[in-house]
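Open the model in your viewer and keep the selection panel at hand. The stops below go from confidence to fold to interface.

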Amino acid sequence: MKSLDPRVTRLPHIGEVKLKKSLDQFGTFEVFVQAKEGKAFQHEGAIHAPNLEMAYVLAKETFTRRFTCVSIYVVDTRDVFVSPTTEGNKSAYDLIAKNVEGTIKQTFEIYHLPKRGKLHVHVGSVEASSPEAAMINAKELFGTGKIVYNIWAIEHNKIRFTSSEDKDLWNTLPEKKFRDASDYKGGDKLKEFLERVKN
Amino acid sequence: MPATGYRKQATSTTMNQTALKELIYKIADDLLILGHRNSEWTGFGPLLEEDIAFSSMAQDKIGQSYALYQMLNELGEPAPDTVAFTRNANQFLNCQLVELPNQEYDFSLVRHFLFDTADALRWELLTQSSYEPLALLAKKIKGELRYHTMHANTWMKQLGSATEESISRLQRSLEVGMPYALGIFEESPNEKEIVAEGMFAGEKELKKRWLTKIENLIAQTQLHLPDSKILSPVLGGRIGKHSEHLQPLLDEMSEVFKIDPSAEW
């Protein structure tokens with residue numbers, strides 16, 4: 001049987017010299033988190049997973065095990081359209097190529113990077129036939145005149161959303177302080193100990 | 001919800017205390033022991049994200065067992081730490097499935113699937129418990145249980161239809177785990193009172209629901225569920241009879257506590 005177990009596949013054996021293969025790794029998926037009802041979804045980071053459904057399951061614990069959260073969604077990294085990035089001298093909206101039209105209209109979710117070092121925040125959705133056209137439309141609707149450093153557009157139907165039944169996932173035992181190092185009051189105990197030693 | 005005709009009790013003081021404690025102990029012990037076992041994967045999980053998820057669920061289980069030990073404390077039993085760290089193996093009422101060593105990840109996943117499916121159904125039934133604190137806790141932890149079963153089901157569907165190796169590994173683990181999983185439903189000495197007083201719908205009802213659930217899930221994979229009718233369940237856990245694996249687990253779990261039992265954490 002062909003094995004993927006490195007303890008089996010790395011067993012030494014005599015054979016031909018071969019070129020190095022590409023790394024056997026999972027692809028990445030982008031994770032978006034909604035901290036409170038009514039608040040915008042924010043990009044939190046990426047995770048590795050074999051597919052969208054597994055990505056959703058793994059993202060839940062990776063990104064929402066401690067902080068308040070009411071909903072998440074995930075999308076394949078390869079489904080995120082990224083605008084050119086500016087350094088703050090002009091808005092990313094001014095760098096979008098015009099007149100790039102596709103054939104079928106779809107819904108795109110639009111995200112802004114408000115500052116370098118911040119995360120992309122969802123600003124709304126638009127109908128368009130291409131990601132470029134979606135961003136041009138978004139400029140009308142969401143371009144408040146403020147500098148936007150970078151824009152993302154994601155086709156709505158490529159996203160794995162949280163269903164209404166799955167909102168229960170964040171309905172958990174509230175007494176989870178034992179998960180936080182701060183609950184063990186290490187600093188206080190150290191101070192007490194040092195006081196005791198001094199006296 | 002369940003058509004088992006629960007008889008509501010007026011107060012907990014009129015309930016059979018022995019039966020009630022027995023019920024809470026076995027649920028709590030299952031969760032503490034499996035929580036500890038699963039936490040042994042921390043830092044060794046097959047990928048970072050899964051390591052985090054599995055460890056986090058292990059913490060959920062220990063948190064749930066803590067809530068149950070507090071409940072027992074209110075019923076006159078010793079403090080949660082005392083109960084968790086100072087009993088010997090023969091005083092634990094967990095089923096033997098949860099104490100088995102982790103082995104390879106395939107076994108841990110299959111155990112997680114078999115146990116957590118039963119656990120989620122047990123708590124679903126407990127939302128109707130005549131003992132109100134249990135019914136309340138059942139509602140509080142609904143979200144955690146939903147995630148645990150979602151996690152288990154997604155992995156089983158993924159690996160149960162992936163490669164020849166993943167399928168054969170899960171299949172072998174199913175065959176090893178199934179007789180132990182049937183031991184989850186071993187009836188407690190006071191099972192009759194537990195059911196009659198409406199504390200819990202009972203192990204028979206739970207097992208029936210569990211079989212339907214796991215059959216449905218396994219049918220969506222290339223795995224075959226071993227026939228539960230011809231297997232003999234591994235029993236004894238619910239009356240304190242355990243495999244040789246439980247005592248070493250308890251020794252390790254309580255090692256730090258026993259250095260200084262009066263220490264404040």
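pLDDT is the predictor's confidence in each residue, on a scale from 0 to 100. This is a predicted model, and chain B averages a pLDDT of 94, with 95% of its residues scoring at least 70. For the complex, the predictor reports an ipTM of 0.86 and a pTM of 0.88.

Stop 1

Next, zoom out to the C-alpha trace. Along the principal axes, the C-alpha atoms of chain B fill a box of roughly 55 × 50 × 30 Å. The radius of gyration of chain B is 18 Å, which agrees with the value near 18 Å for a compact globule because the chain has 265 residues.

**Stop 2: the interior.** Of the 265 residues in chain B, 43% are buried. Among contacts in chain B with a separation of 6 or more, 79% join residues 24 or more positions apart.

**Stop 3: the side facing chain A.** Select the residues of chain B in contact with chain A: 25 residues of chain B meet 25 residues of chain A. Helices α2 (48-74), α6 (142-159) and α7 (164-182) of chain B each supply at least two residues of that side. Colored by class, this side of chain B shows eight nonpolar, nine polar and eight charged residues.

Definitions and conventions: Residues are numbered from 1 along each chain as its sequence is written. Chains are lettered from A and ligands numbered from 1 in the order in which they are written. This is a predicted model: local features need pLDDT of at least 70, side-chain atom pairs count only at pLDDT 80 or more; totals for chains, interfaces and linings use all residues. The radius of gyration is taken over C-alpha atoms; the globule rule is 2.2 Å times the number of residues to the power 0.38. A residue is buried if 20 or more other C-beta atoms lie within 10 Å of its own, exposed if 12 or fewer, and partly exposed in between; C-beta atoms are placed from the backbone. Two residues are in contact if their C-beta atoms, placed from the backbone, lie within 7 Å. Helices (H or I, at least four residues) and strands (E, at least two) are DSSP runs, numbered from the N terminus. Ala, Val, Leu, Ile, Met, Phe, Trp, Tyr, Cys and Pro count as nonpolar, Asp, Glu, Lys and Arg as charged, and the others, Gly among them, as polar.
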